[in-house]
Every structure is written in structure tokens, then in C-alpha cells.
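Please look over the sequence and the three-dimensional structure shown here before reading the notes below them.

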Amino acid sequence: MPSVPLPPKESNLFKRILKCYEQKQYKNGLKFCKMILSNPKFAEHGGFVHSDQVSTLVQSNTPVQWDDEDQNTWWKHTSVNLPKTLAMKGLTLNCLGKKEEAYEFVRKGLRNDVKSHVCWHVYGLLQRSDKKYDEAIKCYRNALKLDKDNLQILRDLSLLQIQMRDLEGYRETRYQLLQLRPTQRASWIGYAIAYHLLKDYDMALKLLEEFRKTQQIPPNKIDYEYSELILYQNQVMREADLFQESLEHIETYEKQICDKLMVEEIKGEMLLKLGRLKEAGEVYKELIERNAENWYYYEGLEKALQPSTLEERLQIYEEVSKRHPRAVSPRRLPLNFVSGEKFRELLDKFLRVNFSKGCPPLFTTLKSLYYNPEKVSTIQELVTGYETSLKTCDLFSTCENGEKEPPTTLLWVRYFLAQHFDKLGQCSLALDYINTAIASTPTLIELFYLKAKIYKHVGNLKEAAKWMDEAQSLDTADRFINSKCAKYMLRANMVKDAEEMCSKFTREGTSAMENLNEMQCMWFQTECAAAYQRLGKYGDALKKCHEVERHFFEITDDQFDFHTYCMRKMTLRAYVDLLRLEDVLRKHAFYFKAARSAIEIYLKLHDNPLTNESKEQEVNSENLSAKELKKMLSKQRRAQKKAKLEEERKHAERERQQKNQKKKRDEEEEETSGPREELIPEKLERVENPLEEAIKFLIPLKNLIGDEIETHLLAFEIYFRKGKVLHNFIFALQNHNPSLLPLLPECTLKWKVSVNVTVCQKSFCYRQ
């Protein structure tokens, strides 16, 4: 049905609809829509709105300023493009969270004017708001068939393409935008980034250089955005292995780059790649003068100087140590490569200085040396000698004469020894040292923290949680120790206690669980899921796993905020790093823990589905005596009463929160999206097909953590139950991790039994 222009009265009403939309007065906007659509002549009709303005409103909910040209030429635009009032009503309903009605009105608008590119665009925006990106792309492509040069539709399409990593399509769309707007910076940058991500470095560099030539920046002026452009250009060169070009480029534009440290680091790296070692050595010496604690700089300096003997290598660090006597790295790094008496000599000096001034993280600094048994033996011999001598004469050695050490020195020596023996698995000896230290100084948090850690390594989680609680009681304002205490409580399955502990630092008026979920506190949620899993509360455990999954989805979806922002602000290096991070986001340990717990629970639910409790109790009651039955019923009544009180409390809390949220929405007069599906534990643990739910968690693990055998063991358990074994089992064997090899025999046995059963079944069928 062709579009017909609205008369002046209805057109004025439509302008009021737009004004209400801009000011987020959605209810008033709906009233004006109703006034137009209630007229039988225009029941299936609409007014004018620019496609790009609609997109801006939907995506950001920010006011759009209408210029004079738009208002004065309204009838001219209407004769060409007449988007539907129905579509506008659909957009308004979408902002109020009424998704189904929104779709109904937009589809109705499409049915009445299927050749309206605006209606297709709006339909795509609704699909995008529902995260149906593939469908949204189809809608945008349909809109472009009707208006191929529409800038806003092309921009929206490019955003979805880069979000979905359709890099070929993204390149084509950015090329169209460049042809339409060759004077805009984003057109050039977006097109260059497309080639960079496709690893066509030559074309990316040509585009970046052509764009750079258009920038009128005086040679002596430092402009941040121009500086970022140059550094991004240099990053592309380095990724293309154009080391000489990269060095010449950074030297040419050095004065116009803001990040002077990055300039020096690039110079050092490129000089090393080109074999210009003497110059590289000078660069790394300057970098060490700026920061004597950066281990990467020492590594570069060693590569540049190429010391041939141990003495020459040590000389490098001794010279730096003389210039920077307070620096730790030049005294710590030689301990990695020296051995024998020289190691003992350097370690002795290093330990004495740190024990004297009281350095709690000393053991952490030396922990990487514990792979070498000889060095471990030397450490133990020296530190136990210090402890013996300090007890008798307050000196590190009984053979010395000098200023006596303060009492705190002995305290830190015992603290170190407790960590040392805990690392070696001698927990009883570690407890002896830490108890002695606590007896001498019962107010030091680190001591109680370490004692809890030792008990955790022993396996006594309840005692570990008790001592961690003691540690946090010494400083209740310390968020770190509070978080550690909550984590230890969760490990001991003390979920309620952990929630109360975290509530000290969460927002008042809301439950700690909800607030931690809002803050995406995934360490708490993964530990909580594991605790619920151990307690057999599978519904609650799955709820936490799904919350973690939602966090990762939200983090991925948040890329939309940066696709245009980074090109506008020219933070191109950070933008490319963000895209690469998002590509492997679910490789993170938090996701793996949540996915593993969810898969294990779904496997248990598949093997042993939860039964109806009332039926189970009915069956059990038949086998009980009258006295036992009376006792059981009394117990059930008490449990029901307790559950009812708890439910009423939760209901009151939920109503109060909903009231607060409703009040907040009324004040803002908007709701950008509909309510998310509530995660109800009872429903989660009674899904129809647990294996399909498990596969949803498994797919990211197989795609990103396929080199870990644990991924394939989980896959084996799922596909074994689905009757698809061989492929996953062989792949798991090929990607083995020695630490998990003991689990393979069990899987092998299951596989062999499965194969034998299948063979027998086929043989039996053949005989029949």
C-alpha cells in the first residue's frame, strides 16, 4: 500500500509524538499516536521521521535536535519517504518494555508499506535491541535495497558486522561509507581497521598514510589524537614485520607523539629485531633509568649486551644496583641464574635487607625459585639459621658483632618460614612457626591470614574460615581481607555467613547476593556455585552459573559502546586490543569454572532426574509406623512453617525493591528494555533436556579452550550419554594434559563398554 501524506493537523500531532520521544515522555507519545490512529482514514498510516534520527533515538535515547531544514521541507520529504506512525508507536512501546506490542505495530507498518526503508530499519533496530543480530542484519540489508545510500543504515549495519566479526562484510560496508563521506575521519579509519583485522597490512597502511596526509598538524605541535594515529600506524607496521619501516616511522614523528615511554620501548624492540645491539643497549639503559623495577627492560638489555660469562651478566645488575640502591629488581633477578656459593652470597644479602625492614611479600618474591631443590635447600638453611641466631643474640649470625636487630626481624623470619614449609607441604611445621609468631604479635593481620591459608592446604576448610574471620576482625574496613574471608567461608560451604560478610561492603537496602550480581562480582558467584553444588542445591548453583554466563554476554554486548566512540576519539590501539580480547573472552577462568560446574550438574540431573517430593514422601510414609509417621508429619509442618516465613520475608523484600525500582522508572519516565527472564532455581534444576543445556556451556570451551583435556573430558561425558563418543574421545587423547591423565582410564573403559554393547546389538539384529 503506497504512503499518503498526512494532513497538517495529523502532521502536527506527529511532531508532538517526536517531541515526546525526544523528551522521553513515552506515555504522552502513545496518546498522540492513538489520536492519529483512531482516525479511520489514517488507522494504518503515519508521519515523517528521518531514518538516522530514529536510529539515534532508539540506540541512545538521547534528544535529537531538529534543524530548520527538516521542519521547513517536511512535505517534500513526506512525498518521498513516509514511515509509519505505527512504526513510531512500535518504537515508543519498545522503550516501555512492551516488546510484543512493539513488534506487532512495526510489522503492521511493514505490511502496509513493505517498500519503506524506514520501517525495515526500525524493524532491524527492534531485532537488535533483542540481541537478534543476524535478523537485524537481514532487516538492514532489506532497508538498503530500498535506499542503498542511507548513511545511518550503513553505519548501523557496519556496527553489527564488526560486532559479529563479519570482517568481509564490514570491509564492504565501510567502503560504501567512505565513498559517500570521503571527508569524514571515521570513514577512513573504519575502512583501514577492516583491512588491519583481515591482516591485509599493506592496504591498511596505505589508507592510514593517505588519511594522515590530510591532517593539518604543525610539526612542533603535540596533538593527542594525531599521536594515537601515528602509534596505531606503527603498530600495524610491527604486526606486518616491517621493522625498519617501523623504526624510521617512530623516529620521524617522535616529537609529535605524546607517549614518550612507548616511543622508547618501540625503539628498543625494533633495534633488537634489526640486530643493532649497541643502540638497543643504550635505549634499554635509558628505560631502566626511568623504571628500575621493570623486568622486561633487563631482559632487553641482556639481549643487547649479550654477556658471554656469568661475571659479565652479573656486572650488568651490579651497575644498576649502584645507581639505584633502593631498587629490588637488580638484586632479585640475578638469583634466577646464579647457583652454588654465589647464589648463597647474593641470597644472604637480599634476605637480610628485607627481613630487617620488614617486607611481608618477601616469600612471594622468591617463590619462583622453588622449582630448584638446591636453591630451596639453601633458602631453608639460611633462614632457619637466622631464626636460631636471632633467638639467642638478636643478630643474623652468632659470629657477627654489630647493631642488634629489632624484635620485628625475628617475627618476619618466622612468618617466612611458615610460608616456606607450607609450600613444601610440611604443614605441621608451618603451623608451629605461625603459632609462635602469633603468640609474640597477636595483632598482625598477615599472621592470621597465613594460618588460615595453611589450614586450607591441610584440607580443614572450617578451621581455615574461622582463622580468616579472625584476621578480618582485626580490620573490618579492609575490603581485601573481607573478600578473602567470604571466599574461605564459601569453600567451607558457609554460604549465608559469606553473604553476611560481603554485606559489610555492599549497598544498603538490597541483599548482598543481588548487589554482588549487579557489580558482576564473579569470583563470589563461581565460589558460591561450587558451594551450592557440593551441598546438593543444584538449582541455586545453576542460577549462579547462568548469572556468570550473563555477565560475559553483557561484556561482549558492551562492545557496541566503543565501535563509534573509539574511532571518534582515535583510541585505535586500545580499540583493536578490545576486539581481540572479546574474541577470547570466555577463555577466562571465571567462565571455565562456571561452565564446568553447570555441565557437571546437568550431567547429574540427566542421570538422576529430580523426583516430585510429595510423591516421594507419600511412598515413604507407607513404610512408617504410626509414631514415626506422626513425628515425620510434625517435622514437615515445622519445615513448611519455616519455609513460609522465609518466603514471606523474601516476598516483602522483593516488593520493596520493585517499589523502589518503579519509583525510579517513574522519575526517569523511561525503561530502555523489557525485564529479563528471572532465574528461578526450581525451574533450572528441572529442565526438560539437561544435556542440551550442558552443550550450551560446552561450545565456548571447545572453541576457545580446546587445548585443555578437561574440556574434552566434559565433552566426552555429554556425548557419551548422547551416544556420540568416538570423535570426542580421540580428540581428547590428542590434546592431553598430564595432570588429568588419571581420568582417562575411566573414560576409556566407558568407551570400550559402549563399543562392545553396540557391536553386540548389531550382531544380535543381524542374526534375527
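Residues are numbered from 1 along each chain as its sequence is written, and side-chain values use heavy atoms, with hydrogens and water left out.

**Confidence**
- The protein averages a pLDDT of 83, and 82% of the residues score at least 70, pLDDT being the predictor's confidence in each residue, from 0 to 100.
- Over residues 665-674 the pLDDT stays under 50, and for this stretch the model has 18 contacts beyond four places in sequence, a contact meaning heavy atoms within 4.5 Å.
- Where pLDDT is low, the predicted coordinates should not be read in detail.

**A helix pair**
- Helix H32 (residues 538-557) packs with helix H36 (residues 589-607) at an angle of about 145 degrees, their axes lying 9 Å apart; helices are DSSP runs (H or I, at least four residues) numbered from the N terminus, and axes are lines fitted to C-alpha atoms over the stretch in contact, with angles from 0 to 180 degrees between N-to-C directions.
- Among the residues that make this contact are Leu-542 and Phe-552 of H32, together with Ala-594 and Ile-601 of H36.

**The cavity**
- The largest cavity has a volume of about 50 Å³, where a cavity is a set of points on a 1 Å grid over the protein atoms alone at which a 1.4 Å probe fits but cannot get out, and lining residues have an atom within 4 Å of a point; the volume is the space filled by probe spheres set on the points, which are joined across faces, edges and corners.
- Its lining includes Phe-355, Trp-412 and Gln-419, and H24 gives the most to this lining, with 4 residues.
- Helices H21 (340-357), H22 (362-366) and H24 (407-423) each supply at least two residues of the lining of the largest cavity.

Methods:
Predicted model: local features only at pLDDT ≥ 70, side-chain atom pairs only at ≥ 80, totals over all residues. 1 Å grid on protein atoms, 1.4 Å probe; cavity = no way out; pocket = protein on both sides within 12 Å on 5 of 7 lines; lining within 4 Å.
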